[in-house]
Amino acid sequence: MTALADAAQLTPAAHDNVLTTAELRAHGMSEGTITRRCRPGGPWRRLLPGIVLLSASEPTRRQLVRALARYVGDEGVVTGGDALDAHGIALPRSPAVHVLVPKGRRMLSPTFALVERTSRPPEPVVVDGIPYAPATRAALDAARREPDPGRLRDLLSLPIYYGLTTAAELRAELDSGSQRGSAVVRSELRSIGRDRDTYVHGWARAVLREGPLPPPRWDVTVCDRRGRHIGTVDAWWDEVGMGWQFHPPGKARFGHLALAAAGVTLVRTDPERLTTDRRGVLTELAKAFRTAADRARPAVQCRAKVAAA
């Protein structure tokens with residue numbers, strides 16, 4: 001073994017250039033060689049006891065997460081903002097990587113980590129070999145420690161908006177877990193429960209994940225070729241010129257007649273059906289998508305607030 005590239009390919013566990021010293025030794029590298037390479041000025045660095053980064057550069061957040069997951073072992077589960085990021089929700093994260101370990105586990109928190117012992121370890125969701133807490137648990141673990149009201153609302157509302165959890169699931173998890181910091185979280189959940197727009201979007205996204213349609217763009221303004229406003233839709237499939245409106249009457253999207261006149265294939269769904277008739281809604285969307293795909297795409301363009309998700 002003479003090159004860093006060779007070391008990086010020792011084992012699939014070397015993903016992100018993070019390995020254990022045991023793995024390095026198992027592939028023929030002596031402890032002395034490992035030590036020399038990890039000294040100041042050397043090509044590698046130790047991130048944690050027994051965990052080596054095959055680079056001398058500052059570790060990325062991802063490398064720190066992987067190193068911590070390797071360090072705590074199979075019993076550890078990464079939670080909080082890093083887990084939400086793995087589920088597709090990018091939010092500002094706390095400086096420390098938050099990891100859960102069983103209550104009986106005794107270990108000091110590394111400088112860049114928050115190690116929390118819990119009697120209720122969640123069933124992990126493994127992403128790229130790293131065990132993460134489900135979105136519901138991750139959001140609440142972060143929310144309990146979040147002092148900023150705006151970030152607290154994002155931590156609780158965005159997982160609902162993206163259909164990764166529901167307000168009811170968040171409340172149930174909150175009731176089952178630690179009550180530390182729960183009062184402010186409960187208050188915010190009550191507020192979110194009054195914001196129908198948040199969980200209607202969550203229902204819609206959850207419905208689409210069950211079906212065959214490609215990901216849409218969300219919250220789109222549809223314009224003609226000269227950029228003049230025609231109407232707005234909650235979801236938009238630009239490749240075929242199809243829109244979907246599912247807001248309740250009090251927050252209805254406008255311009256459905258103008259959209260239809262412009263040749264847009266438009267599906268309008270009562271929001272209650274997103275929970276009571278999900279299969280029927282999916283059938284209607286799939287049929288409309290096929291119809292739109294068989295037609296010439298209308299001469300429209302769109303402006304989206306949110307990219308495809």
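These legends walk through close-up views of a predicted model. Local features need pLDDT of at least 70 and side-chain atom pairs count only at pLDDT 80 or more, while totals for chains, interfaces and linings use all residues. Residues are numbered from 1 along each chain as its sequence is written, and side-chain values use heavy atoms, with hydrogens and water left out.

**View 1. Three strands form an open sheet in the order 1-3-2, with antiparallel pairing.** Strands (E, at least two residues) and helices (H or I, at least four) are DSSP runs, numbered from the N terminus; two strands pair if DSSP finds at least two bridges between them. Strand 1 (18-20) and strand 2 (45-48) are the edges, each with a single partner strand, so one side of each has no neighbour in the sheet. From one strand to the next, the twist averages 40°.

**View 2. Strand 1 meets strand 3 (residues 51-53) in an antiparallel pairing over three bridges.** Here you can find Thr20, whose bridge partner in strand 3 is Ile51. Helix 4 (residues 61-72) packs on the sheet and touches strand 1, strand 2 and strand 3, contact meaning heavy atoms within 4.5 Å.

**View 3. Helix 8 (residues 167-176) and helix 9 (residues 182-193) cross at roughly 165°, their axes coming within 11 Å.** Axes are lines fitted to C-alpha atoms, for helices over the stretch in contact, and angles run from 0 to 180 degrees between N-to-C directions. The two helices are therefore roughly antiparallel, a term for angles over 145 degrees. Look for Leu170, Arg171, Leu174 and Asp175 of helix 8 against Ser182, Val185, Arg186 and Leu189 of helix 9.

Methods:
Angles under 35 degrees count as roughly parallel, over 145 as roughly antiparallel, 65 to 115 as roughly perpendicular and the rest as oblique.
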